[in-house]
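Hi,

Here is the structure I promised to pass on.

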Amino acid sequence: GINAEYMGQSLEYVISSETHGGSKESIYFTLENMGFEVGQRLLERLVKDRPLFKNTTEVMKFLCREFWSECFKKQVDSLMTNKKGIFQLRDENFRWLKHVAPGSFPKVSTGYQRTSSDFLIFPAGLLRGALSALGIIAVVEATIAQDLSCTFHITIKRSIIDKSS
């Protein structure tokens, strides 16, 4: 799986790097792109000997079971859809948020104040990259609940798997 400590170090590096000026948008862009690239490569490795997917729902189930397990050593707790190209993947006990206390982050040298939601940018990129590797263009957004469970909202924009998406 993807190590939370490594992700924390990567987050620190991106935040403290002077190359993007420390703005929240550029930090999120960098983290999301890192996740996107890792997600593409990982998915390609996981599906190389697998039959083709029949539809987007089958892809989402694969992401919730196999892909998420490979990344985080557990399956997604629930998958919901409105049948119109919007899916919600919910993780009730997301490992990377386990030791995160809201407001516990000091400001870094660039003046950026980290938040617990920073830890969801990379995984959102992972999902977007995995979907992209299968020809599915999507927007992935993440939210954190009070109990530190998280939900990834995936809106399918275009898919070569389903002509209905």
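W68, F72, F94 and F152 form one aromatic cluster. Rings of Phe, Tyr and Trp (its six-membered ring) pair here if their centres lie within 6.5 Å, with planes under 30 degrees apart counted as stacked, over 60 as edge-to-face and the rest as tilted.

Before you read on: this is a predicted model, where local features need pLDDT of at least 70, side-chain atom pairs count only at pLDDT 80 or more, and totals for chains, interfaces and linings use all residues. Residues are numbered from 1 along each chain as its sequence is written, and side-chain values use heavy atoms, with hydrogens and water left out.

Back to the rings. There are six aromatic pairs in the structure. One of them is F53 with F62, edge-to-face at 5.3 Å centre to centre and 65° between the planes. F53 and F62 are both buried (under 20% relative accessible area, with exposed over 50% and partly exposed in between; 1.4 Å probe, protein chains only). W68 and F152 also make an edge-to-face pair, with 5.3 Å between centres and 65° between planes. That pair links distant parts of the chain, as W68 is in helix 3 and F152 in strand 4, 84 residues apart. W68 has a relative accessible area of 1%, so it counts as buried, and F152 is buried too, at 1%.

**The sheet and its helices**

Helices (H or I, at least four residues) and strands (E, at least two) are DSSP runs, numbered from the N terminus. Four strands make an open sheet in the order 1-2-4-3, with antiparallel pairing (two strands pair if DSSP finds at least two bridges between them). Strand 1 (78-81) and strand 3 (136-144) are at the edges with a single partner strand each, so one side of each has no neighbour in the sheet. Strand 2 (residues 86-91) and strand 4 (residues 150-159) run antiparallel and are joined by six bridges; I86 stands opposite T155 in strand 4.

Helix 3 (residues 56-72) lies across strands 1, 2, 3 and 4, at about 15° to strand 2. Angles run from 0 to 180 degrees between N-to-C directions, with axes fitted to C-alpha atoms, for helices over the stretch in contact (heavy atoms within 4.5 Å).

Q88 sits in strand 2 and has a relative accessible area of 28%, so it is partly exposed. Beyond its neighbours within four places in sequence, Q88 is in contact with residues including S78, M80 and F152.

Cheers
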